[in-house]
Amino acid sequence: MKIAVVLRQVPDPIEPLELMPDEKALDYGEAGFLVNESDEHALEQALLLAEDGTAEVTVLAFDFGDVETTLFSAAAKGVDRILTIPWEEPFPPGTDVATALFADAIRSVRPDCILIGCQAHDELEGAFGPRLAVELELPYLGVVRGVRQTAKEMVLEAHKEYPGAAKARMSVQLPAVLGILAADQPPRYVPVSRIREAMKSAEFEELELESVPPSVAVSVARLSFPLRGDGARMLEGNEREVAEQIAEILVEKGVLT
Amino acid sequence: MSEQDVLVVADLEGDSISNGTLELIGAAGQWTETHGGQVLAALLSTDGASQAMRLAAADRILAVDNPVLAHYCPGPFLDALSEIVRREAPRLVLFASSTVGLDLAPGLAAVLKTPCLGNCRAFDAEGDAVMATCSYCSGKLVAELQAKGRPVVLTLLPGAFHPATRIGKGELEPVAMELAEGAIRFEEMILADQSDVDITQQDVLVSVGRGIQQEDNMELAQELAEALGGELAASRPIVDQGWLAATRQVGKSGMIVKPRLYLALGVSGAPEHVEGMSGSELTIAVNTDPEAPIFEIADYGVEMDMLDLMPELTEVLKRKRAVSYER
Ligand SMILES: Cc1cc2nc3c(=O)[nH]c(=O)nc-3n(C[C@H](O)[C@H](O)[C@H](O)COP(=O)(O)OP(=O)(O)OC[C@H]3O[C@@H](n4cnc5c(N)ncnc54)[C@H](O)[C@@H]3O)c2cc1C
Ligand SMILES: Nc1ncnc2c1ncn2[C@@H]1O[C@H](COP(=O)(O)O)[C@@H](O)[C@H]1O
């Protein structure tokens, strides 16, 4: 079986986000980047599926943000191929462009199964996986936690999540696109020494794809930071003082007697 | 059929229409009041007539009854919705941000080659465009977006719109169509483990997020929960790590809780988490990041390292308890 995994760079949400002067885009020059969390789970799920040794895992990514770090780490985790899509702009590709280029890249790999994170926090136009699937004329199942190989080679079993910690066991006839929320186990840790080795030996294949014009159907009129409104009343002081204040609030509200 | 019709896609939880669906109808009603048009509801199931009552606030309930729609599976659901949209040509299509809506909305938009906007808190028309205010970057930013196309597909942020109070015509219209089973099929539903504590029934929840950093630190949170006479809950990454059971997860794919006290420690307040705890009576949030979105919805906030605060708070609470027992 051939598995393709899509890895996207997203701005690190823990670092302060900055806006461009026109307030229509994030200032990506100021942002720190990391791999989209659920994409990292998608990679882990692919590696778990490949553990029996019969599957080949190919990773695809735009050459954007801090992608080298992500890709060297993927190489150290043992993926078979790494394909990069050239990207010169200082901002990431928009949804339509990303869909078209990833789809072209994926077609060149001819995978049986495509795994992608079921969301990224910088998506404005809904999740990306379902679009990619439509572009590839494949079915899509998202918000998946856990995928297993069944006795039939081209049939997987996936758990789709529902509210209340419920899940549906679904059978997936390949080829298909799966939107992963979480892998069966947390993404594996790779020691820095292995990443260093990968930096020496790993090879990225750069794809040559036809460029795609950006879409104008959706545009950003303005980005802003949320109004704080009344927000929380902030408690000040050292640990002990704050703890005392919390205890008082709890007594006052009748939570503690 | 009118230029301004809004199609709401009914979201089922098990056998019943979700509360989120009523919020969609409420939002659709606001639109039709201003712009005209009718509120249509698409109801995909095996027996629409048994569900239609809950959708009475809509004007027309378009019920597709088919055995392949007994449980969500992407193929027939996407086919049925595309067909309804082609027949009815609504201005807007609204989805709940449920684990099904998140799959279907962008897929439908892609099939119809029309725009899709996610996590909307408000929307309106501006000329021939649709403007929407959307939550962006896990709630750290707000985006005002403009979409041109017809229809525009929107997923609505849970809790952002009031459930419908309008009185619709509530007319049930069976819709006949051929549907085939797809390549992805439903096998069985696996329900949550019933043996664990039910966090939806607890008065006091100590909820830990990724700020806890290491599994070893869970003990500090456990001690704090005990000192408060409460139970531990968590955000999704903690459950993904396997540090707490899935039954303890609060949020979209976890539990909806309404405790008297929700103490959120190292939880950023992503919309998927907030939708599970926004009904809490009293929320106190502890986070090292003053910009964390959780501070917008908490009653009290503390900008501090949770690892430093937890042992102090446990001690203070234990001492208070001891004093109140002595009395
Ligand atoms: C379909 C779908 C369903 C989802 N369902 C759920 C769900 O049910 N429940 C859920 O929770 N999430 C859910 N998510 C995930 C959600 O989007 C967020 O990723 C998640 O809630 C983030 O968890 P967190 O706040 O613990 O982690 P982060 O967002 O990483 O936040 C950690 C916070 O801890 C703070 N911090 C770090 N160190 C410290 C310290 N020492 N002291 C104090 N604070 C510290 C940081 O400032 C940060 O704000 C879902 C996502 C999707 C796509
Ligand atoms: N048939 C299956 N298909 C997909 N995921 C599964 C399946 N069985 C178990 N899992 C997942 O594997 C993990 C461990 O489950 P268990 O095998 O029950 O210990 C959980 O995340 C399950 O959701």
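Begin by selecting A:Arg148 together with ligand 2, where an N or O atom in the side chain of A:Arg148 sits 2.7 Å from an oxygen atom of the ligand; bear in mind throughout that this is a predicted model.

Next, colour strands E7 (140-149), E8 (155-162) and E9 (166-173) of chain A, the elements that give two or more residues to the shell around ligand 2; E7(A) gives the most, with 4 residues. Colouring that shell by class shows 1 nonpolar, 2 polar and 6 charged residues, among them A:Arg145, A:His159, A:Lys167 and A:Arg169.

Now move to ligand 1, which lies between chains A and B, and select B:Ser235, B:Val250, B:Ser268, B:Glu272 and B:Asn287, which come nearest of the 31 residues around ligand 1. The side chain of B:Asn287 places an N or O atom 2.6 Å from an oxygen atom of ligand 1, while backbone N or O atoms are found 3.0 Å from an oxygen atom of the ligand at B:Gly266 and 3.3 Å from a nitrogen atom of the ligand at B:Thr288. Taken alone, ligand 1 exposes 990 Å², of which the protein buries 91%.

Finish with helices H6 (236-240) and H7 (271-274) of chain B, each of which supplies at least two residues of the shell around ligand 1, a shell made up of 11 nonpolar, 14 polar and 6 charged residues.

Methods
Residues numbered from 1 in each chain as written. Chains lettered and ligands numbered in written order. Predicted model: local features only at pLDDT ≥ 70, side-chain atom pairs only at ≥ 80, totals over all residues. Heavy atoms only, no water. Near = heavy atom within 4 Å. Polar contact = N/O pair within 3.5 Å; in protein donor to acceptor, adjacent residues only side chain to side chain. Nonpolar A, V, L, I, M, F, W, Y, C, P; charged D, E, K, R; others polar. Areas by Shrake-Rupley, 256 points an atom, 1.4 Å probe, with all protein chains shown as cover.
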